[in-house]
Amino acid sequence: MSTREWVPVEQRWFGLDRRTFKAGFSALAIALLLIYGWQGLNAAIPWHNEIRAGQVLDLGDGATAVPPVGWQLEQGTLVGGAGASATSLQVLLAQGGATIELIGAAYDGSAAAFLDQVHRSQGSPPGVTAARGSLTTDSGLVGVVESGSGPSGDGVDVAFKMGTGDAVDTAPALLVRVRTASGQFEHYEDQVGAMLRSITPGAAR
């Protein structure tokens, strides 16, 4: 063995050259990213962005909602942050096995028609679906509610048009999608209901 090939004992670990580990780990991380993608990488990183009392979600165009305290904000923007778009909104809150998604989109038509379109393209809440109902927020927005429950989980979908009066049909649409494990929605019902009632349109709407 030449002197160039010899590795000092203090630089070896289990017979391997420790100087090559950094490059090896970097290559492994890149390979895992290519195989599993960003979703896999995100799943491996714990979230620590817990909602605190007084924090408010930015829903775009001045619209807001008050998220439940103690939930993790995994995606989305708080008021005072970078800002949000009402027509491309993506918010995700999680707590235990429950999630709340808020999805904004441009849509001309009623909240009921928007919910129909969502269910045609993405499916209805899981299990047996209850008859549709309505929900009125503290600010006067009227949402269309559809819920379901079954072995695969519990779900509630609520569709809003983020405007009132003559502007309602052309206002952005908002879908609130709640999912929990089967039989678990009742544990989160009060928190979800409070957040839904807190949804407020922008001043211009």
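Student: Is Gly140 buried, partly exposed or exposed?
Tutor: This is a predicted model. In it, Gly140 has a relative accessible area of 36%. Buried needs under 20% and exposed needs over 50%, so Gly140 counts as partly exposed.

Student: Where does Gly140 lie?
Tutor: In the loop between strand S9 (133-136) and S10.

Student: And how many Å separate the C-alpha atoms of Gly140 and Thr200?
Tutor: 8.2 Å. Along the chain, those two residues are 60 residues apart.

Student: Switching to pockets. How much space lies in the largest pocket?
Tutor: About 200 Å³. Its lining has 13 residues. Val156, Phe185, Glu189, Val192 and Leu196 lie nearest the centre.

Student: Which elements supply at least two residues of that lining?
Tutor: Strand S10 (142-150), strand S11 (153-161) and helix H3 (185-198). H3 gives the largest share, five residues.

Student: What's the lining of the largest pocket like by class?
Tutor: Seven nonpolar, four polar and two charged residues.

Student: What about cavities? How many of 30 Å³ or more does a search of the whole structure find?
Tutor: One. About 80 Å³ of space lies in the largest cavity. It is lined by 13 residues, and Leu59, Gly60, Ala63, Ala86 and Met162 are the closest to its centre. Strand S3 (57-60) and strand S12 (173-180) are the elements that give two or more residues to this lining.

Student: And the classes in the lining of the largest cavity?
Tutor: Eight nonpolar, three polar and two charged.

Student: On to packing. How many residues has the largest nonpolar core?
Tutor: 30. The residues with the most contacts inside this core are Leu59, Leu93, Leu102, Phe160, Val176 and Ile199. Leu59 is also one of the residues closest to the centre of the largest cavity.

Terms used. Residues numbered from 1 in each chain as written. Predicted model: local features only at pLDDT ≥ 70, side-chain atom pairs only at ≥ 80, totals over all residues. Heavy atoms only, no water. 1 Å grid on protein atoms, 1.4 Å probe; cavity = no way out; pocket = protein on both sides within 12 Å on 5 of 7 lines; lining within 4 Å. Points joined across faces, edges and corners; volume = space filled by probe spheres on them. Helix = DSSP H or I, 4+ residues; strand = E, 2+ residues; numbered from the N terminus. Nonpolar A, V, L, I, M, F, W, Y, C, P; charged D, E, K, R; others polar. Core = buried A, V, L, I, M, F, W, Y, C linked by side-chain atoms within 4.5 Å. Buried < 20%, exposed > 50% of the residue type's maximum accessible area, 1.4 Å probe, protein only.
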